[in-house]
Amino acid sequence: MKNKSPSFLLLALVLLSVVLVSLLVNQGRASDNQRLFNNAVIRVQHLHQLAAKMINDFEDSLLPEERRQLSKIFPLSFCNSDYIEAPTGKDETQKSSMLKLLRISFRLIGSWELPSQTLSGTVSNSLTVGNPNQITEKLADLKMGISVLIKGCLDGQPNMDDNDSLPLPFEDFYLTKGENNLRESFRLLACFKTDMHKAETYLRVANCRRSLDSNCTL
């Protein structure tokens with residue numbers, strides 16, 4: 001058998017180097033993507049915990065009769081985010097694609113960028129939760145992170161869903177409410193908690209979708 005020529009060996013080495021570099025690049029991208037996902041989950045979890053603390057502190061400051069009245073009001077009310085098309089239960093959430101869950105989370109978080117200004121004012125007037133003025137900034141940072149994850153999921157393909165950039169109907173819904181109105185303040189905090197819980201659930205399941213394990217239980 002004839003010895004392989006130096007040019008053939010050189011070509012083989014070049015091809016092997018290209019393959020190795022490609023593998024390293026893909027591993028690096030996967031690692032960066034996982035880091036972004038983990039960061040998004042941590043951020044939305046923090047916002048959900050903050051929302052829970054705010055409404056708990058708010059309820060603790062009420063008189064017994066005020067609590068009874070509010071507990072009857074909110075279940076009959078609606079949140080602005082009800083206009084966002086989203087899974088209606090655990091089964092539908094688990095069956096949703098990673099991209100769909102990311103887009104819904106993006107819309108949920110974005111729907112609070114403007115109302116969070118009223119939220120901060122309402123909270124700062126009556127509660128102590130650190131620095132509530134940072135809520136808007138935290139929401140904006142999380143929304144940007146989710147946007148990067150969506151682009152990564154599309155992998156260079158055009159975004160065919162224009163709903164990501166559309167404003168919600170009545171996007172100033174919460175801003176039109178009086179900050180000193182007990183009922184509307186409670187509604188604002190309750191909707192914030194509800195939406196942060198939804199976003200946390202969707203981001204957790206979306207993160208699970210990245211793995212080969214399709215059993216992403218809630």
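In this predicted model, helix α4 passes helix α6 in a left-handed crossing. Two packed helices are described by the angle between their axes and the distance between the axes. Here the axes of α4 and α6, the latter covering residues 135–154, come within 9 Å and cross at roughly 160 degrees. Angles over 145 degrees count as roughly antiparallel, so α4 is roughly antiparallel to α6.

Which residues of the two helices meet? From α4 the list is Met98, Leu99, Leu102, Arg103, Ser105, Phe106, Ile109 and Gly110. On the side of α6 they face Leu139, Leu142, Lys143, Ile146, Ser147, Leu149, Ile150, Cys153 and Leu154. Sorted by class, this contact holds twelve nonpolar, three polar and two charged residues.

Now take the chain as a whole. The chain has 218 residues, and 35% of them count as buried. Among contacts with a separation of 6 or more, 83% join residues 24 or more positions apart.

Isoleucine 84 is placed in the loop between α2 (64–73) and α3 (90–95). Is isoleucine 84 buried or exposed? Its relative accessibility is 10%. Buried means under 20%, and therefore isoleucine 84 counts as buried. In sequence, isoleucine 84 and arginine 107 are 23 residues apart, while in space their C-alpha atoms are 7.3 Å apart.

How far can the parts of the model be read? The mean pLDDT of the chain is 76, with 63% of its residues at 70 or more. Confidence is highest in helix α4 (residues 98–110), at a mean of 94, and lowest in helix α5 (residues 115–126), at 64. Over residues 124–130 the pLDDT is below 50, yet this stretch has twelve contacts in the model beyond near neighbours in sequence. Residues 21–28 also stay under 50, and for them the model has zero contacts beyond four places in sequence. Where pLDDT is low, the predicted coordinates should not be read in detail.

Definitions and conventions:
Residues are numbered from 1 along each chain as its sequence is written. This is a predicted model: local features need pLDDT of at least 70, side-chain atom pairs count only at pLDDT 80 or more; totals for chains, interfaces and linings use all residues. Side-chain values use heavy atoms; hydrogens and water are left out. pLDDT is the predictor's confidence in each residue, from 0 to 100. Helices (H or I, at least four residues) and strands (E, at least two) are DSSP runs, numbered from the N terminus. Contact means heavy atoms within 4.5 Å. Axes are lines fitted to C-alpha atoms, for helices over the stretch in contact, and angles run from 0 to 180 degrees between N-to-C directions. Angles under 35 degrees count as roughly parallel, over 145 as roughly antiparallel, 65 to 115 as roughly perpendicular and the rest as oblique. A crossing is left-handed if the near helix is turned anticlockwise from the far one by less than a right angle, and right-handed if clockwise. Ala, Val, Leu, Ile, Met, Phe, Trp, Tyr, Cys and Pro count as nonpolar, Asp, Glu, Lys and Arg as charged, and the others, Gly among them, as polar. Buried means under 20% relative accessible area, exposed over 50%, partly exposed in between (1.4 Å probe, protein chains only).
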